[in-house]
Amino acid sequence: MTTFHPGINHGHAPSGRWADVQANPNSSWTLNRICPRVTPTELVGMAIWKEFDDKPNALEHLNWYLTTGRGRDFDENANISAMLAHDSGVKAAIAGRIPPGRTSGTFATNFKLEQLHYTSQDYRFAFGAIDQVDFEVDFDAGTLHVWFQDRYEWHPYYPGLYTAFSDDGARETNCVHAALVELKSSGAADFWMKGEATVPLTTIGWSAARPPSSGSNL
């Protein structure tokens, strides 16, 4: 049985004080001018139109948060397998942590997958930073097993309106994060992204003789 290690669950709750967010959006130049003029629903709709139209996985996750999931876990098995096949940045993040020269036995470790590791913006918008990605290499079988359980949630930073955690901070999309948390009052819900996949070790381009470069993101 795979042992999952849940990431941090911040559990931001709606404040009911959208007017206070509008008074001080604390976001990008553009959002500082848009946020005071629209409702949370309107702002999220604009964000979907601008950022999610070409990101089908990310949009599916956002819709799961807004209306579909109602807090139920999202099965990420297929997404993890596809990400390992197609995202060169994630491949490098894993490959760079495998000891070179190994040809037998197993190796297991974990790491935090940061947003800068992704090359696919679709997966970056879908998953964001993942607190703990576990993986195990079986050199004899030539396989890579990857799994994680991370919280899909939004992180507005307005001390006094939302609980401020040590890893929270204002970002350019701060008021969009606030709008998405406020929509919890109308049914939106955080959920666990949870899944695992086992793929051939060659999927990430790793070989004992010549592992790929880990790149500058590690």
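I will take the strands, then the aromatic rings, then the charges. Keep in mind throughout that this is a predicted model.

Start with strand E5, residues 191-200. On one side of the pairing list is strand E1, residues 74-75, which runs parallel to E5 and is joined to it by two bridges. Phe74 has Met193 as its bridge partner in E5. The other pairing is with strand E4, residues 143-152: here the sense is antiparallel, and there are 10 bridges.

Now the rings. The count of aromatic pairs is 13. Take Trp64 and Phe74: their centres are 5.1 Å apart and their planes are at 70°, so the pair is classed as edge-to-face, the cut-off for that being over 60 degrees. This pair connects distant parts of the chain, with Trp64 in helix H4, residues 56-68, and Phe74 in strand E1, 10 residues apart.

Next, Phe139 and Trp206. This pair is tilted, with 5.6 Å centre to centre and 55° between the planes. The two residues are 67 apart in the chain: Phe139 is in the loop between strand E3 (130-138) and E4, while Trp206 is in the segment after E5. Both Phe139 and Trp206 are buried.

Back to Trp64 and Phe74 for a moment. Which residues do ring pairs link into a cluster? They are Trp64, Tyr65, Phe74, Tyr152, Trp154 and Phe191. Phe74, then, has a place in that cluster as well as a bridge partner in E5.

Last, the charges. How many salt bridges does the count come to? The count is five. Lys55 takes part in a salt bridge with Glu51, at 3.9 Å from N to O. For anyone checking cut-offs, the limit on that distance is within 4 Å. Lys55 also forms a salt bridge with Asp54, where the closest N and O atoms are 3.1 Å apart.

Lys55 is buried, at 8% relative accessible area. Glu51 is partly exposed, at 28%. Asp54 is exposed, at 58%. Together with Lys50, these residues, Glu51, Asp54 and Lys55, are linked in a network of salt bridges.

One more salt bridge, between Lys184 and Asp190, has its closest N and O atoms 2.7 Å apart. What are the accessibilities here? Lys184 has a relative accessible area of 19%, and with the limit at under 20% it is therefore classed as buried. Asp190, at 8%, also counts as buried.

To recap: E5 pairs with E1 in the parallel sense and with E4 in the antiparallel sense, and a ring cluster includes Phe74 and Phe191. The salt-bridge network takes in Lys50, Glu51, Asp54 and Lys55. That is what I had.

Conventions: Residues numbered from 1 in each chain as written. Predicted model: local features only at pLDDT ≥ 70, side-chain atom pairs only at ≥ 80, totals over all residues. Heavy atoms only, no water. Pairing = 2+ DSSP bridges. Helix = DSSP H or I, 4+ residues; strand = E, 2+ residues; numbered from the N terminus. Phe/Tyr/Trp six-rings, centres within 6.5 Å; stacked < 30°, edge-to-face > 60°. Buried < 20%, exposed > 50% of the residue type's maximum accessible area, 1.4 Å probe, protein only. Salt bridge = Lys/Arg side-chain N within 4 Å of Asp/Glu carboxyl O.
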